Amino acid sequence: MTKISMTVNGRQVTGDVEGRTLLVDFLRENLRLTGTHVGCDTSQCGACTVHVNGLQVKSCTMFAVEADGAEVGTVEGQQNADGSLSTLQAAFQEHHGLQCGFCTPGMIMAASSLLKVNPKPTEAEIRHHLEGNICRCTGYHNIVKAIMAASGQDVSKIAAE
Amino acid sequence: MYAFDVTRPKTVADAVAALAGEDAQALGGGQTLIPTLKQRLASPAVLVSLSAIDEIKGVCQDGNVLSIGGGTTHATVAAEAGAYPALAALAANIGDPAVRSRGTIGGSLANNDPSACYPSAALASNATIVTNNREIAADDYFQGLFTTALNEGEIITGVKFPIPQAANYQKFVQPASRFSLVGVFVAKYADGVRVAVTGASENGVFRWSEAEAALSASFSAAALEGLTASADGLINDLHGDAEYRAHLIKVMTKRAVAAAK
Amino acid sequence: MPKDSGIGASSKRREDVRFLTGKGQYTDDVNVYGQTYVHFLRSDVAHAKINGIDTSVAETMPGVVRIFTGKDFEGIGGLPCGWQVTDRHGQPMQEPGHPVLAQGKVRHVGDPIAAVVAETREQARDAAEAIGLDLTELPAVVNMKEALKDGAPKVHDDLSSNLCYDWGFVEDNKAAVDEAIKNAAHVTTLELVNNRLVANPMEPRVAVGDYNAANDESTLYTTSQNPHVIRLLMGAFVLGIPEHKLRVVAPDVGGGFGTKIFHYAEEAFVTFAARQIKRPVKWTSTRSEAFMSDAHGRDHVTKIELALDKDNNFTAVRTETYANMGAYLSTFAPSVPTWLHGTLMAGNYKTPLIYVNVKAVFTNTVPVDAYRGAGRPEATFQLERVIDKAARELGVDPIKLRRQNFITQFPYATPVAVEYDTGDYTATMDKLEEIMDLSGFAARRKASEAKGKWRGLGVNCYIEACGIAPSNLVGQLGARAGLYDAATVRVNATGSISVMVGAHSHGQGHETTFPQVIAEMIGIDESQIDIVHGDSSKIPFGMGTYGSRSLAVCGSAMVRATEKVIRKAKKIAAHLLEASEADIELKNGKFSVAGTDKSVDWAGVTLAAYVPHNYPLEEIEPGLEETAFYDPANFTYPSGAYACEVEVDPETGKVTIEKFAAADDFGNVVNPMIVEGQVHGGIAQGIGQALLEAAVYDENGQLQSASYMDYAMPRADDLPFYIVDHSSCTPCTHNPLGVKGCGEAGAIGSPPAVVNAVIDALASGGKNVGHIDMPLTPHRVWKAMNQ
Ligand SMILES: Cc1cc2nc3c(=O)[nH]c(=O)nc-3n(C[C@H](O)[C@H](O)[C@H](O)COP(=O)(O)OP(=O)(O)OC[C@H]3O[C@@H](n4cnc5c(N)ncnc54)[C@H](O)[C@@H]3O)c2cc1C
Ligand code: FES
Ligand code: FES
């Protein structure tokens, strides 16, 4: 067991982990932050997407010990300070960018990463950025639309409402 | 996963020392190794993480050579290898943003997956693979499926890419994994053109010498017209048989030549 | 003007807030104090005799609590099949046993052999590796036609063959159909495969079993679309636990698409094991396990013949299908290729004579059962493909050929035993032509050609039978369950309402749409109403969510219960207002006496019901809570027309979807935003089936596409924005809301449009290819065009 500490959503946390403990297991089981999900075991689905030191990573493909000392952001920390939904979260609700909600935390974390570096992405850029995030419910239409809307683009003309 | 320890040395020397231990294995970005461990296909006692070693990270240009640290992530190469645009573009299309945040060039070259992207760039550029104790020319480095010239415990600390006059990478993706079903990297140097093919062969990345000869004589897609890539030894799987892969090699090579910058 | 609340409004989903902030409670988020973890040791060969299982070493390993094998389940029931099909000769299907853990033989890769319960997941897995297995491998049968040959290895030694049933429908039509085909002016024949798929909801299955010895009560938390069905099947048929001692909870569920309908071995196992070891037992499937333990979908091999007269009227359809059941009968497997498939073979057309033959076959593969659309996509695909092929052979416009043969009079009794209540296929086709801008296709094709791409247009129609289903009818057809649903409307003293429903939402948005209906009926704010679902201890016995039934069946139950509530509330209002009940009107949440200004609001009445000081106690009981069970009179028949435009890269065979439109008739729509979302998701799955997805076995029964490395899931950049429209509306005539169901349409309607478009694109490039089997991967398309 190794003692690790990190900042998760701005809060200092510590824990004892094995070498093989994945960051996602540390979040879900040690910290009970169950918003981060596990949808596969081959690092493809992106349900586990979080931010580590500002970078988008798959928390199922990183060991907790490697996040020792890091700043980690999860879906639980995405709301505004007053608890209201962030612009991106609100756009997902407004444009029905989620159904079962299982991929949603990963989508939010991936999309917020994109918007940080590319504040007005095109449809193609959004679709490319989401290559590692699989959604089985929405057909992506409303996810792409929500991200465009969150970046201030007019989505009223997008195919059929 | 079986149980193991993870150490995080800060220098190459400490990492090499740690790798000398029994059943120790290097951990780069983990984007290949961790899924493998989950399937219990590897059972190291210690993983020596290279992610805290700053001396093997970064991109720098020295005249006509672009040097990339072995621990440099795909995302960093995509962002900082502007001096070699085809290489930056290749890195920008490996996996997805999260994979690119963690996965490293050293890990990719050490792993030498037959469908990986970097091996084609290294081979087409005749890059030099720099390790903790020697330099290996790409032509000598790739030795078949998941096999390289690396010795046990040897770490890739850097890769030196001679910058070509023009180059391009064309990746035709396998629809599920999004690795290359066939990827072709074409690089044009003053002394000739090199063409490296990934994804296609049962022996991993290889050079298509007929195409190199034709393109060295005339660097144009038309120069490839009369050639056909041989289907011998190419992969037959769910996603494409050898004949299809051979066909794609030619199509992708033509496209790479047409797009080379 | 779009409404902003009630029926017809695109109310924003209230469940979203918890999902967007990480506050969803999925089954894997459930942890019970003292829980153990189970790892299943699964067969890595497709077919073998079990000679022995040695657990002695494994039992001594750290953390191991107990190891179970098939022996532990010898006195216990197997997993039941919920539908019995009767074959062409009046005989019941062959129905093999389905043990919780393998007994005697393993029959597919992934068949569970032993289960290790330990303190941690990794300890359970470590110990499982130490179990000694003595297996004699047997030859596997994978191909259905091979499986039916004399001397083929038998999946089940106690059955006479690998044939589950040979079903004919309608058997009495057979001679007439044969005759019509013989005498037809033209017959188009098509042989095709409806590719095997894995449903792949993003949340893998999870089951947590808990047992409280103090009151002898078991609780199962499970990723289910229908907790009551699981309670009934598992309690009554497998473990013998009476319902009042068994609680099944399906909390937030991360998608189902059919594959979470069925009762699975792992559910029975954790419930059983928790009782044995007196500790909770948790199982979380990995994705790799899901590929070999979730029921698969589709997997039909079909020959279809379409006969036409000299004026191109359809005169007969004859089909022969081999349907893969896999190694065991999953819960509803036998119904999918029969009653959910054969009855839809009329499609949108007035073909007078139809005969459907289906041979269901056991193979050494994962069981196959319902997947989004279940039987109806298979019916639609073959029919719409053969019509397209006929149009090409006859040189007629495929849209005209369809229009000419449309059913136009309703109700319409098909020759395959169902009666369509309403529909307007011409209207949806007109709408499709408009939203797809079909008149602009020629110009778009030119533009593609200028880029060196071949552009194709594919169009098709679909009809489906939803709102499953009238119990007396399905009972005659072999269902071993009723298919009604139930709702309890509990009005609280201050007027807020909790509605307990049998339907289960795993992405469909019931928490938002169901309150919209009640809000409209009573005239109160949607936020006053909450839905309770997914917990058998809280909800009335309902059958759950699948077959696009939630609103049509459970929603109807809710309407009926609300009507009862309103009737009683009016009685109370009449008393309070000292008026006659007949004069009481309810509008905008207010009861008033017709023609006067006397009124009492909703909350005034509800308070009186619970504080009955001034109350007609001699006439009615206090309280305001009503339950209704609703059994539909018929299926509902959503229909529509879909169009797809593709570009094919002639050099590589790669297909890209350039434009996709869906014109649906869902009857009345409660929440357009949610309906459109359902269509989007269905289309993506249909395009996935058409272009990307395939569960492929090799001849030894090894699943070759056993992870996302080889099973191609549709990603954002595989798909376009979709144009969807549901303005064509012929309300269902037999349910109170006039709704038809929209959950499966997209998955049913889209595959033929895609394939028709690719065939058209190839034709435009001078490659006349009759058919290409799905998925139309670049490799397959390239092969087809270079034959
Ligand atoms: C979803 C997904 C998609 C992907 N798509 C692509 C793709 O399209 N194209 C592509 O090329 N790759 C792809 N990859 C693989 C990815 O590029 C990996 O990052 C890469 O193959 C391995 O690099 P790593 O740093 O993650 O190495 P690790 O996984 O950490 O290690 C891989 C192997 O290399 C060894 N190793 C690591 N670093 C060194 C070093 N510096 N010196 C010596 N040995 C070392 C390890 O011991 C191990 O044996 C994908 C991966 C995923 C998960
Ligand atoms: S859980 Fe699927 S990528 Fe991490
Ligand atoms: S909303 Fe269900 S997987 Fe995306």
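Predicted model: local features only at pLDDT ≥ 70, side-chain atom pairs only at ≥ 80, totals over all residues.
# Loops, a shared ligand site and the C–A interface

Q: Is A:Asn53 buried or exposed?
A: A:Asn53 lies in the loop of chain A that runs between β3 (49-52) and β4 (55-58), and A:Asn53 has a positive phi of about 50° although it is not a glycine. Most residues other than glycine have a negative phi. Because its relative accessibility is 52% and the cut-off for this class is over 50%, A:Asn53 counts as exposed.

Q: Is B:Arg40 buried or exposed?
A: B:Arg40, found in the loop between α2 (33-38) and β3 (46-49) of chain B, has a positive phi of about 60° although it is not a glycine. Its relative accessibility is 8%, and the class that applies under 20% is the one that decides the matter. B:Arg40 therefore counts as buried.

Q: Residues from which chains surround ligand 1?
A: Ligand 1 is surrounded by 31 residues, and the closest are B:Ala26, B:Gly29, B:Gly30, B:Leu33 and B:Thr104. Those closest residues carry the letter B, but the site is shared between chains, because the residues that surround ligand 1 come from chains A and B.

Q: How much area is buried between chain C and chain A?
A: The interface brings 58 residues of chain C into contact with 52 residues of chain A. On the side of chain C, C:Leu20, C:Met202 and C:Phe721 supply 19% of the area buried against chain A, more than any other three residues. Carbon and sulfur atoms give 56% of the area buried between the two chains, which is about 4,600 Å².

Q: How many salt bridges are counted between chain C and chain A?
A: Polar contact joins 26 residue pairs across chain C and chain A, with both residues at pLDDT 80 or more. One salt bridge is formed by the side chains of A:Glu29 and C:Arg121, at 3.1 Å from N to O. The count of salt bridges between chain C and chain A is 6.

Q: Which element gives the largest share of the side of chain C that touches chain A?
A: The elements of chain C that give two or more residues to this side are α1 (16-20), α3 (121-129), α8 (287-293), α17 (672-692) and β30 (723-725). The residues of this side divide into 27 nonpolar, 17 polar and 14 charged. The largest share, 9 residues, comes from α17(C).

Q: With the side chain of which residue does the side chain of C:Gln678 make a polar contact?
A: C:Gln678 has its place in helix α17 of chain C and is buried, with a relative accessible area of 8%. Leaving aside its neighbours within four places in sequence, C:Gln678 is in contact with residues of chain C that include C:Arg372, C:Gly507 and C:Cys742, and with one of chain A. The polar contact of its side chain, at 3.4 Å, is with the side chain of A:Gln99.

Q: What distance separates the C-alpha atoms of C:Pro470 and C:Tyr484?
A: C:Pro470 lies in the loop between β20 (454-463) and α13 (471-476) of chain C, and C:Pro470 is buried, with a relative accessible area of 3%. Not counting residues up to four places away in sequence, C:Pro470 touches C:Asp631, C:Pro632, C:Ala633, C:Asn634 and C:Phe635. C:Pro470 and C:Tyr484 are 14 residues apart along the chain, and their C-alpha atoms are separated by 7.0 Å.

Note on methods. Residues numbered from 1 in each chain as written. Chains lettered and ligands numbered in written order. Heavy atoms only, no water. Contact = heavy atoms within 4.5 Å. Buried area = accessible area lost by both parts, 1.4 Å probe. Salt bridge = Lys/Arg side-chain N within 4 Å of Asp/Glu carboxyl O. Polar contact = N/O pair within 3.5 Å; in protein donor to acceptor, adjacent residues only side chain to side chain. Helix = DSSP H or I, 4+ residues; strand = E, 2+ residues; numbered from the N terminus. Nonpolar A, V, L, I, M, F, W, Y, C, P; charged D, E, K, R; others polar. Buried < 20%, exposed > 50% of the residue type's maximum accessible area, 1.4 Å probe, protein only. Near = heavy atom within 4 Å.
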